[in-house]
Amino acid sequence: MSFESLWADESAIGRNPDTGGYTRGGWSPTEREATHWFLDQCAARGLTVESDGIGNLIAWWGASDGPGVVTGSHLDSVIDGGAFDGPLGVVSALAAVDQLRAEGFEPGVPIGIGAFVEEEGSRFGMPCLGSRVAAGVLSAEKALQLKDRAGVGLGEALEDAGLDPARVGPSPLLRRMGTFVELHVEQGRGLTAPVGVASSIWPHGRFRFTFGGEANHAGTTLMEDRHDPMLTYAMTALAANKQARLAGARATFGRLSVEPNGTNAVPSQVTAWLDARAADTATLESLLAAIIKQATERAERDGTTLEVTPESVSPVVDFPAGLRDRLVNVLDGAPVLPTGAGHDAGVFSDAGIPTAMLFVRNPTGISHSPAEYAELDDCLAGVDALAAVLKDLAK
Ligand SMILES: [Zn+2]
């Protein structure tokens, strides 16, 4: 099948007609619909699908059951995300396999197409949840303690999707991942050619800031008598922005929860989640320290409290140079660039699997938004590049 028709099929699944975006949290109805579409595509191609306890999938082309070259990406999304982040890698993998078959290519080792669950962490708050559990970086015990915003535990979500929570744990799928190559839409404006190769992934942390104060009447409480955690939070959000600019890094408060969340009440508590990223770990650590220092000083002035809890911290990932250079050679000197976005490829690379990434140009740099976009010609160049890389790695 052509990339265009596969893309038209896949990108119709779960599109919100009002925003044009997608909300495919892990194991949610729309994410399951996309997953079933993928399984149908694999069945139509006679690929052998293997799965693990948490729902990661690899569909194999090739007779042997030994290790092979795995490509693919994820089908879940952030809340109201774009069409390309994740699905482009899965759809391009199917199209690349179709292209190689049409050429009569016979792989010397099996080629696998992977779809890894809850990469965004938009439902359970843990990015790369499927790959982390598969790689044994996150234990089954810890994973099964996670709850979504509605209070549904991971085990319950898995059961709802027809999966068995007792099977959650390090994945047998990884034994056959000889090499992993993930194709992904670029998520900034760093790539000016149609296709590029990743050098590294910036270190990334998610931190929960809990600002405690004193609930009180918005009309009768004198301004000087208040212990208002919203003020401490507001100054912290400004500080995070300033410190990230000074450090050449990124810091974002994109999620907030207020108690009691009433218009006529001084809040008792504000919980805010900081997403922070930098080119290296030392910069990330000093950025976080600078934000916490300013927040703490402000809390003293406001008579509020502050507690900071790391929810996930991912170290820098440097993809192996040999494999990276091999891809660059196959692609006639494609540009090499780092990314500030996290990926399953980073988890698999850390787990010791030789891993590389291909990026497809994003003309606006917008991502995690319904406006995320890539030109068709660039997507087609991505499929060609992936097919060339698979041909080289699986010969
Ligand atoms: Zn992604």
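Visitor: How many residue pairs are in polar contact between domain 1 and domain 2?
Guide: Welcome! This is a predicted model, and the pairs counted here have both residues at pLDDT 80 or more. A polar contact needs a pair of N or O atoms within 3.5 Å. Between domain 1 and domain 2, the count of such residue pairs is four.

Visitor: How many salt bridges are there between domain 1 and domain 2?
Guide: Here we look for a side-chain nitrogen of Lys or Arg within 4 Å of a carboxyl oxygen of Asp or Glu. Between domain 1 and domain 2, the count is zero.

Visitor: Where do the two domains lie in the chain, and what distance separates their centres?
Guide: Domain 1 is made of two stretches, 3-202 and 316-393, while domain 2 covers 204-314. The contact takes twelve residues from domain 1 and 13 residues from domain 2. Taken over C-alpha atoms, the separation of the two centres is 33 Å.

Visitor: Which three residues supply 55% of the area that domain 1 buries against domain 2?
Guide: Together the two domains bury about 1,000 Å², with 44% of it on carbon and sulfur atoms. On the domain 1 side, one trio supplies more than any other three residues: R149, W202 and V316.

Visitor: Let's turn to helix α1. Why do its buried residues line one face of the helix?
Guide: In α1, residues 3-11, the buried ones are F3, L6, W7, E10 and S11. They line one face because, seen down the axis of α1, they fall within an arc of 115 degrees.

Visitor: Which helices do the buried residues of α1 pack against?
Guide: Let's follow that buried set, which includes F3 and W7. Its packing partners are α2 (29-44), α3 (87-102) and α11 (376-393).

Conventions. Residues are numbered from 1 along each chain as its sequence is written. This is a predicted model: local features need pLDDT of at least 70, side-chain atom pairs count only at pLDDT 80 or more; totals for chains, interfaces and linings use all residues. Side-chain values use heavy atoms; hydrogens and water are left out. Buried means under 20% relative accessible area, exposed over 50%, partly exposed in between (1.4 Å probe, protein chains only). Helices (H or I, at least four residues) and strands (E, at least two) are DSSP runs, numbered from the N terminus. The arc is that of the directions from the helix axis to the C-beta atoms. Contact means heavy atoms within 4.5 Å. Domain bounds come from an automatic or database domain assignment. Buried area is the accessible area (1.4 Å probe) that two parts lose on being put together, summed over both. A polar contact is a pair of N or O atoms within 3.5 Å; within protein, one must be able to donate a hydrogen and the other to accept it, and residues adjacent in sequence count only if both atoms are side-chain atoms.
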